[in-house]
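Subject: Structure for your files

Hello,

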2 protein chains.
Amino acid sequence: MLKFDEELFLNLVEKEGLAFRGQIEEIVDGITKRGYSNIFLIGAGGTIAMMYPYEYILKSNSTIDVHAEIAAEFMVMNHKHFSKDSVCIFTSVSGTTQETVAAAEYCKEKGATTIALVAEPNTPLTQIADYCITTGSETHSFDTFFMLLYMVVFRFMHNNNEFPQYEQFTNEVSLLPRAILDAVKSFDKKAEEFAITHKDTDYHMMVGSGNLWGNTYSYAMCILEEMQWIQAKSIHAAEFFHGTLELVVEDTSVILIKGEDETRPLMDRVERFVEKISKNITVIDTKSFEMEGISEEFRKHFSVSINWSVLSRISVYLERERNHPLTLRRYYRQMEY
Amino acid sequence: MLKFDEELFLNLVEKEGLAFRGQIEEIVDGITKRGYSNIFLIGAGGTIAMMYPYEYILKSNSTIDVHAEIAAEFMVMNHKHFSKDSVCIFTSVSGTTQETVAAAEYCKEKGATTIALVAEPNTPLTQIADYCITTGSETHSFDTFFMLLYMVVFRFMHNNNEFPQYEQFTNEVSLLPRAILDAVKSFDKKAEEFAITHKDTDYHMMVGSGNLWGNTYSYAMCILEEMQWIQAKSIHAAEFFHGTLELVVEDTSVILIKGEDETRPLMDRVERFVEKISKNITVIDTKSFEMEGISEEFRKHFSVSINWSVLSRISVYLERERNHPLTLRRYYRQMEY
């Protein structure tokens, strides 16, 4: 596959990634033992979007009080649920994302407990966090982060006596890297076709829901807009019929991000509607992937990770077809503002 | 002013709207006395967007547990913080919005307390809610709803011993209709100019933050997209630098929705950036309105209401300049889906 080294992937995500399980359990168990009032998931752009699935999963499965907050807003809003008893979780590939680093410093100063997942070692965020998992490589860092966040979040739920299936779940986490690899391979041709078909498309609607809303929001903003300079509107499936639907015409590109959680019927409804109007629909559905060894019960959770990995295949082909490097920026980190 | 009857406005919002104060206090005091675990603000499209300011205000000013949830998603997600002890608040102009009515029924069946603000009397939502304020007129209903929501939310905070300034605040609420009218009058010319300048603009970015994020999201989706069929991307100011900024070029229309809460510096930062790139910026800033009699301390809260009322002036001129009625729909309530 283009720009995908299978051996490197398995080495980074499966071998090295899974090895953090013991460390994560130790961190979460220690925090649970000392007690905490709530969990704050904090990030900016791709890293707050990465937290939305876990906020959704916690709200749908746990009584733990959880808040996903955008870093820069969190720091000024005087959030009344935040205190020294909060647990604040951050991720950053570079370890230098300005707002995330500032928010972690802020949380630490206020006496809260901070946990960070960082790819690059010896960076500001690794220094600040009380607990830091440093994965060591920017390559496939989102795949690893998603996997580690499953471990963190479900361990908190387990310790809160809300997830007796923890052992089984964690065993299935260990199957996730292979499931991702299979999904990526089976989707790769479709990703390439999408990029060829859409190399000149200048506007996409992306619709998602539930635990895939974060990926939908993120792919539109951080990949299509930021990395390809293509207009993209992300719309929640439950909101689609309250405005954006009116823009759909025969040639509108609509990308449906379908997963397997409780909100799937909302996506089905959008799909039924757009099928009547547009001839330009792309359905990316985790149901089409085998996820070998993953139980029916947990497929919905792992869909987050699977979905992000297959979306990423579209990116590499868009880059090639559009001759537009994913790293090219007009402004971000190119100028002061 | 075009399509604005001042006398009717004052009659509906000031005279009739303010008269609900006693009824609202009675409802909220009764609920407080019986006890409740948390507040759910539930809606779809414009009515969930209308709740976001109050979610923000509660998070920033109160320890009351609050959740703003999209109606259709809320009904399927199995929200673990929702219970018979929850207070669920809804608004609907027509009283018939499909998802809102269904969600209110769901909440009532589960034994939760339901409060609804509805414009049209004798409609499904007025029948379902335990407590219903029926305002009686669709005209200016959003202005009235915003005002009543201030009363509801700040009364809950007051009863929770978190808002000793309640009397002063409520006295200022009674000045709000006149402040809105003054703002609308002073903005009207600018609204008309915007519509003339932008009658052929086919894409706008709208940036907002804090308690004005809801208006930003709503104006893009429910007015520009739904009622004018113009592409519009709403971006939170704290997220703007993580993607969408890369699309800004010299002629990009960027609409900045500025208020007066703690997040204003985030908007200032976006403004400094876009000023360097685009020659096509519209700043809509509540600071430019007098709000006579409103104290410095509370201006930030009333900005929500003021901002929505002036944005609505743009709508009537867009309708005229573009010869596109605000009521025209391709699909919504025109077909089954």
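In chain A, strands β3 (residues 86-92) and β4 (residues 113-118) run parallel and are joined by six bridges. Within β4(A), T113(A) is the residue that stands opposite V87(A). Please keep in mind that this is a predicted model.

These strands belong to an open sheet of five, with parallel pairing and the order β2-β1-β3-β4-β5 in chain A. At its edges stand β2 (66-70) and β5 (131-134) of chain A; each has a single partner strand, so one side of each is left without a neighbour in the sheet. On average, neighbouring strands are turned by 15° against each other, direction ignored.

Two helices of chain A come next. Helix α4 (residues 52-61) lies across β1 (38-43) and β2 of chain A, and runs at about 160° to β2(A). Helix α8 (residues 141-159) of chain A packs on the sheet and touches β1, β3, β4 and β5 of chain A, its direction making about 170° with that of β3(A).

On the aromatic side, there are 56 aromatic pairs over all chains. One of them is F169(A) with F302(A), a stacked pair at 5.1 Å centre to centre with 10° between the planes. The pair links distant parts of the chain, as F169(A) is in helix α9 (residues 166-173) and F302(A) in helix α13 (residues 296-322) of chain A, 133 residues apart. Both F169(A) and F302(A) are buried. Ring pairs also link them into a cluster whose members include Y54(A), F142(A), Y219(A) and W308(A).

Finally, R269(A) lies over the face of F241(A), 4.3 Å from the ring centre. In chain B, the charged end of R269(B) sits over the ring of F241(B), at 4.4 Å from its centre.

Regards

Conventions. Residues are numbered from 1 along each chain as its sequence is written. Chains are lettered from A and ligands numbered from 1 in the order in which they are written. This is a predicted model: local features need pLDDT of at least 70, side-chain atom pairs count only at pLDDT 80 or more; totals for chains, interfaces and linings use all residues. Side-chain values use heavy atoms; hydrogens and water are left out. Rings of Phe, Tyr and Trp (its six-membered ring) pair if their centres lie within 6.5 Å; planes under 30 degrees apart count as stacked, over 60 as edge-to-face and the rest as tilted. Helices (H or I, at least four residues) and strands (E, at least two) are DSSP runs, numbered from the N terminus. Buried means under 20% relative accessible area, exposed over 50%, partly exposed in between (1.4 Å probe, protein chains only). A charge sits over a ring if NZ of Lys or CZ of Arg is within 6 Å of the ring centre and within 35 degrees of the ring normal. Two strands pair if DSSP finds at least two bridges between them. Axes are lines fitted to C-alpha atoms, for helices over the stretch in contact, and angles run from 0 to 180 degrees between N-to-C directions. Contact means heavy atoms within 4.5 Å.
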